[in-house]
Structures are given as C-alpha cells and as structure tokens.
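Trainee: I would like to learn how to read a structure, one feature at a time. Where do we begin?

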Amino acid sequence: MKIGSVILKILMPLVLGAAILYWMYRGEDWQQIRHVMTDEMNWTWMLLSFPFGIMAQVFRGWRWRQTLEPVGEKPRMSVSIHSIFLSYAASLVIPRVGEFTRCGVLNRYDGVSFPKALGTVVTERAIDSLLVMGITSVVLLLEMSTFGTFFRQTGTDLQSILHGFSWAGYFVAAISVVAILVMLHFLLRKLSIYNKVKATLKGIWQGVVSLKDVRNIPLFVCFTLAIWLSYFLHYYLTFFCFDFTAHLGLDCALVTFIVGSIAVIVPTPNGAGPWHFAVKTMLILYGVADVHALYFVLIVHTVQTMLVIFLGIYSWAALSFTKRINPKTTE
C-alpha cells in the first residue's frame with residue numbers, strides 16, 4: 001500500500017500535467033514549433049534571462065540561511081544554495097517534495113535539525129504567499145477588466161465556482177472537516193509515535209516563529225524582493241525572444257507573471273499544464289494570436305525547466321564532493 005501510494009503521488013501530477021498539455025497541443029504542427037525555435041526565436045534574450053533564474057534561487061538560499069540562524073542552525077552557504085537548486089529539480093519528479101528535499105540535504109551535510117529547517121521553510125512560504133497576494137491585489141486593481149474577462153472565459157469566477165454548492169453542501173463540508181480533524185487528533189494520541197510527532201511539530205513551530213528573531217530584517221526584506229524581482233525578470237526577458245510578444249508592455253508581463261505564479265499551485269511538475277493554460281489565455285486577451293501564445297508558453301516553460309534540471313544535476317554533482325561536517329561547524 002505504501003509503495004502504491006508513492007507511485008500514485010508520482011503518477012497523478014504527471015498524468016494531470018500531460019493531459020492538459022495534450023488537450024492544448026493536440027493537432028499542432030510540431031515542425032512549425034521547431035522552426036520557431038531554430039529560425040525565428042532570438043536566443044540572446046533567453047540566455048540573458050538565465051542569470052536572473054539562477055540568482056532567484058541563490059537569493060532564496062541566502063535568505064533561508066538567514067532564517068535558520070535564530071534557531072541555532074548555521075549551515076554552509078554553499079550547501080544552502082545547492083539544497084535549493086536540488087529541491088527545485090526534485091519537485092519536477094514529485095511536486096512539493098522539494099521542501100523536504102532541501103531540509104534533508106542540510107540535515108545530511110551540515111547536521112541541521114530537519115524539523116527546524118522545515119519550520120523555516122513554512123515561514124518562507126508564508127512570507128512569499130503574502131507578497132504574491134499583495135502584488136496580485138495591486139495588479140487586480142490596475143487590470144480589473146482583463147482579469148474579469150479571464151475569469152469569465154475560464155469559468156473560474158467566484159459565481160461559477162459557488163454555483164454548484166447548496167447550503168446543505170457547505171454544512172456537510174464543514175462538518176466533514178471538523179470530523180477529520182477530531183479523528184486525526186485521537187488517532188495521533190493512540191499511536192506510539194505520538195511523542196515523536198509532538199517533538200517534530202515543536203521543531204517546526206520553532207522554525208515558524210524564527211522570523212521575529214532574524215538579526216537583519218532589512219536584509220531579509222531585500223532578499224525577498226530580490227527573489228521575486230529575479231523571477232519576474234527571468235520571465236519578462238523572454239518576451240523579447242519572439243516578435244509576437246516583444247511589443248507587449250510591463251503591464252502584460254506582470255499580469256501573466258502573477259497568473260502563472262498562481263497557476264503553479266496546481267500540483268504538476270513545475271506547473272506544467274496549468275501554467276501553460278493560464279499564461280496562454282492571458283496573452284490572448286492582450287492580443288497575441290492563439291497559435292503564437294501556444295508557442296510562447298511551450299518554448300519558455302520547456303527551456304526554463306531545462307535550466308532547473310541542469311542546476312539540479314550540477315548541485316547533485318557538487319554535493320557528492322562536499323564533505324559532511326559536524327552539526328555545529330560552519331564556514
């Protein structure tokens with residue numbers, strides 16, 4: 001059952017992403033896509049975008065190391081960065097496994113407490129989510145009409161989502177959630193690993209509250225802004241690779257970037273499928289031809305995913321030559 005569950009967790013995201021991509025690209029002329037990549041695409045801009053994609057992960061490694069210091073953990077800078085590179089590559093196989101992968105790397109090479117590391121990851125994700133929500137709110141206000149059209153065309157507006165629910169359905173759903181939480185509580189108390197689970201949760205909580213003890217808050221803020229600015233530039237510069245997107249402004253880039261960032265919440269490898277659909281739909285609303293929007297999302301996502309794979313392989317190789325040290329030893 002355990003092996004079957006693992007296989008299911010790997011296959012389901014792959015199947016979901018593949019199904020969406022098949023639906024989007026069925027019947028497309030793949031020779032034309034190859035022609036666009038080899039003869040029409042300006043690869044200089046794509047290459048110029050790579051440093052920003054790399055630096056986004058480097059900044060994340062630096063920021064993570066900063067959040068670990070208040071809980072008494074000081075991993076080496078190089079190991080922190082390699083763990084980030086490797087985590088993104090791992091998430092291509094099993095979505096969301098990267099968070100555990102990077103904690104495992106620090107535990108393996110620098111003796112960092114896994115629960116504490118995981119707690120700081122939770123903190124990071126919360127901060128990033130708040131930032132994305134803030135940017136999304138501003139962009140929504142500035143581009144309200146465009147987003148309204150997008151939600152109506154994709155059937156994701158609030159009215160469409162809530163239409164299928166009755167008051168009885170809401171009541172049953174709420175009761176079910178409460179019942180599941182109560183059952184989990186009593187189940188954990190009965191299990192022999194209850195104390196171990198409590199210790200793990202305590203370590204996670206320590207990591208979560210570590211932010212208030214970060215020494216240099218301005219530096220933490222700078223790292224956070226640098227991460228997302230790098231992500232954006234990594235994406236925006238690809239607009240200039242193609243004649244059909246080069247004329248689009250920062251407003252379109254920001255809107256499609258935000259929509260794409262939200263779409264990757266769907267658990268598929270690197271957002272494959274949902275990201276393509278969301279960004280392609282928004283590009284069409286900004287006047288890009290349907291076929292050109294399809295070419296853009298496929299080529300950009302594929303190339304950027306290859307960069308993630310390359311960085312993961314590089315870090316795996318680098319870590320294989322990295323010496324494991326005492327938990328309290330730092331660079």
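Mentor: We begin with disulfides. A disulfide is a pair of cysteine sulfur atoms within 2.5 Å. The model here is predicted, and it holds zero disulfides.

Trainee: Are cysteines such as Cys 103 and Cys 252 buried or exposed?

Mentor: A residue counts as buried under 20% relative accessible area. Cys 103 has 0% relative accessibility, so Cys 103 is buried. Cys 252 has 1%, so Cys 252 is buried as well. Over the whole protein, 42% of the 331 residues count as buried.

Trainee: How many helices and how many strands are there?

Mentor: The protein has 14 helices and zero strands. Written along the sequence, the pattern is α-α-α-α-α-α-α-α-α-α-α-α-α-α.

Trainee: Now salt bridges. What should I look for?

Mentor: Look for a side-chain nitrogen of Lys or Arg within 4 Å of a carboxyl oxygen of Asp or Glu. This structure holds eight salt bridges. One of them joins Asp 128 and Arg 60, whose closest N and O atoms are 2.9 Å apart.

Trainee: Why does the pair of Asp 128 and Arg 60 tie together parts that are apart in sequence?

Mentor: Asp 128 lies in helix H6 and Arg 60 lies in helix H3, so the pair ties together parts 68 residues apart in sequence. Asp 128 is buried, because its relative accessible area is 3%. Arg 60 is at 2% and therefore counts as buried too.

Trainee: Which other residue forms a salt bridge with Asp 128?

Mentor: Arg 63 does, with the closest N and O atoms 3.0 Å apart. This pair also links distant parts of the chain, with Arg 63 in helix H3 and Asp 128 in helix H6, 65 residues apart. Arg 63 has 0% relative accessibility, so Arg 63 is buried.

Trainee: Which residues are linked in a network of salt bridges?

Mentor: The network links Arg 60, Arg 63, Arg 102, Glu 124 and Asp 128. Another salt bridge joins Asp 110 and Arg 76, with the closest N and O atoms 2.7 Å apart.

Trainee: How do I find empty space in a model?

Mentor: Rolling a probe the size of a water molecule over the atoms shows where empty space is left. In this structure, the largest pocket has a volume of about 1200 Å³. It is lined by 38 residues, and those closest to its centre are Tyr 88, Arg 125, Trp 228, Ser 261 and Val 264. Elements that give two or more residues to the lining include helix H3, helix H4 and helix H11.

Trainee: Which helix gives the largest share of the lining?

Mentor: H6 does, with seven residues. Helix H6 also holds Val 139. Val 139 has a relative accessible area of 4%, so Val 139 is buried. The C-alpha atoms of Val 139 and Leu 254 are 7.6 Å apart, although the two residues are 115 residues apart along the chain.

Trainee: Which residues form a nonpolar patch on the surface?

Mentor: Leu 11, Leu 14 and Val 15 form one, and together they have about 250 Å² of accessible area. Val 15 is in helix H1, which covers residues 2-25.

Technical notes. Residues are numbered from 1 along each chain as its sequence is written. This is a predicted model: local features need pLDDT of at least 70, side-chain atom pairs count only at pLDDT 80 or more; totals for chains, interfaces and linings use all residues. Side-chain values use heavy atoms; hydrogens and water are left out. Buried means under 20% relative accessible area, exposed over 50%, partly exposed in between (1.4 Å probe, protein chains only). Patches are made of residues with over 30% relative accessible area and no salt bridge: like charges are joined within 9 Å, nonpolar side chains (Val, Leu, Ile, Met, Phe, Trp, Tyr) within 5 Å. Accessible areas come from the Shrake-Rupley method with a 1.4 Å probe; for residues, only the protein chains shown count as cover. Helices (H or I, at least four residues) and strands (E, at least two) are DSSP runs, numbered from the N terminus. On a 1 Å grid over the protein atoms alone, a cavity is a set of points where a 1.4 Å probe fits but cannot get out, and a pocket is an open set with protein on both sides within 12 Å along at least five of seven lines; lining residues have an atom within 4 Å of a point. Grid points are joined across faces, edges and corners, and a volume is the space filled by probe spheres set on the points.
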